[in-house]
Amino acid sequence: PHQNMEVIREDFVPQQVRVQVKDFIKDATDNGISLQDAEVIVSGGRGMKGPENFAMLEELAALLGGTVGCSRSVVEEGWLPASKQVGQTGSSVSPRIYFACGISGAVQHVAGMSGSGTIVAINKDEAASIFDIADVGIVGDVKEILPLLIEEIKKRK
């Protein structure tokens, strides 16, 4: 399929590289808090329906002094970087509060967050297995529930 391609081999000589990495700037959306250090993690799954809806998770996390996490499917979709993934192939976390938004509760994800203090699950599928381990379960559309939750927290601040 790629008849017009040709492979060009170059020798890499570090001394000839003119760009040097001096520092890494943290992702602006993580409030400078790593998943491992976070007291509050607001995680999203495929049920968030698109990267644009993660702004709600970021707002909730910022209000609560936490950071955003996600399930493997979100990383596979390219919505968030792998550094945000919670689960068997991501980070194991144990925040005081873990919000699972639009996350079904696959065994691999649960393995990474089951050490959380209080687990709040929001999912429109009342049969989602995340509800088996949740301390608080809200059955509904995350895109309707999250703005209400954010508004309520703002009122109380």
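In this predicted model, the side chains of Glu152 and Arg156 form a salt bridge, with an N to O distance of 2.9 Å. The two residues are four positions apart in helix H4, so about one helical turn separates them. An α-helix has 3.6 residues a turn, so residues three or four places apart point the same way. Arg156 counts as exposed, because its relative accessibility is 69% and the cut-off for that class is over 50%. Glu152, by contrast, is partly exposed at 31% relative accessibility.

Glu152 has a further partner in Lys155, and the side chains of these two residues meet in a salt bridge at 3.8 Å, N to O. Both residues belong to helix H4, where they are three residues apart, about one turn of the helix. Lys155 is exposed, with a relative accessible area of 62%. Side chains of opposite charge can pair when their charged atoms come close.

The structure holds six salt bridges. One of them joins the side chains of Lys154 and Glu59, at 2.7 Å from N to O. Lys154 is located in helix H4 and Glu59 in helix H1, so this pair ties together parts of the chain that are 95 residues apart in sequence. Are these two residues buried, exposed or partly exposed? Lys154 counts as partly exposed, at 39% relative accessibility, and Glu59 counts as partly exposed at 33%.

Glu59 leads the reader to helix H1, which spans residues 54–63 and contains the buried residues Phe54, Met56, Leu57, Leu60, Ala61 and Leu63. What covers the buried residues of this helix? The covering elements include strand S1 (40–44), strand S2 (67–70), helix H2 (72–77), strand S3 (97–101) and helix H4 (142–156).

Ala55 is partly exposed, with a relative accessible area of 44%. The C-alpha atoms of Ala55 and Val68 are 9.8 Å apart in space, while the two residues are 13 positions apart in sequence. Just after H1, Gly65 adopts a positive phi of about 70 degrees.

S3 and S4 pair in the parallel sense over five bridges. Within this pairing, Ala100 stands opposite Ala121 in S4. Between the two strands, the chain passes from S3 through helix H3 (residues 107–113) to S4, and this β-α-β crossover is right-handed.

Strand S4 itself comprises residues 118–123 and is mostly covered, with five of its six residues buried. S4 is also joined to strand S5 (residues 136–139) by four bridges, and these two strands run parallel. In S5, Val139 is the bridge partner of Asn123. Strand S4 is accordingly paired with S3 over five bridges and with S5 over four.

Conventions:
Residues are numbered from 1 along each chain as its sequence is written. This is a predicted model: local features need pLDDT of at least 70, side-chain atom pairs count only at pLDDT 80 or more; totals for chains, interfaces and linings use all residues. Side-chain values use heavy atoms; hydrogens and water are left out. Buried means under 20% relative accessible area, exposed over 50%, partly exposed in between (1.4 Å probe, protein chains only). Contact means heavy atoms within 4.5 Å. A salt bridge is a side-chain nitrogen of Lys or Arg within 4 Å of a carboxyl oxygen of Asp or Glu. Two strands pair if DSSP finds at least two bridges between them. A crossover is right-handed if, with the strands pointing away from the viewer, the path from the first strand over the helix to the second runs clockwise.
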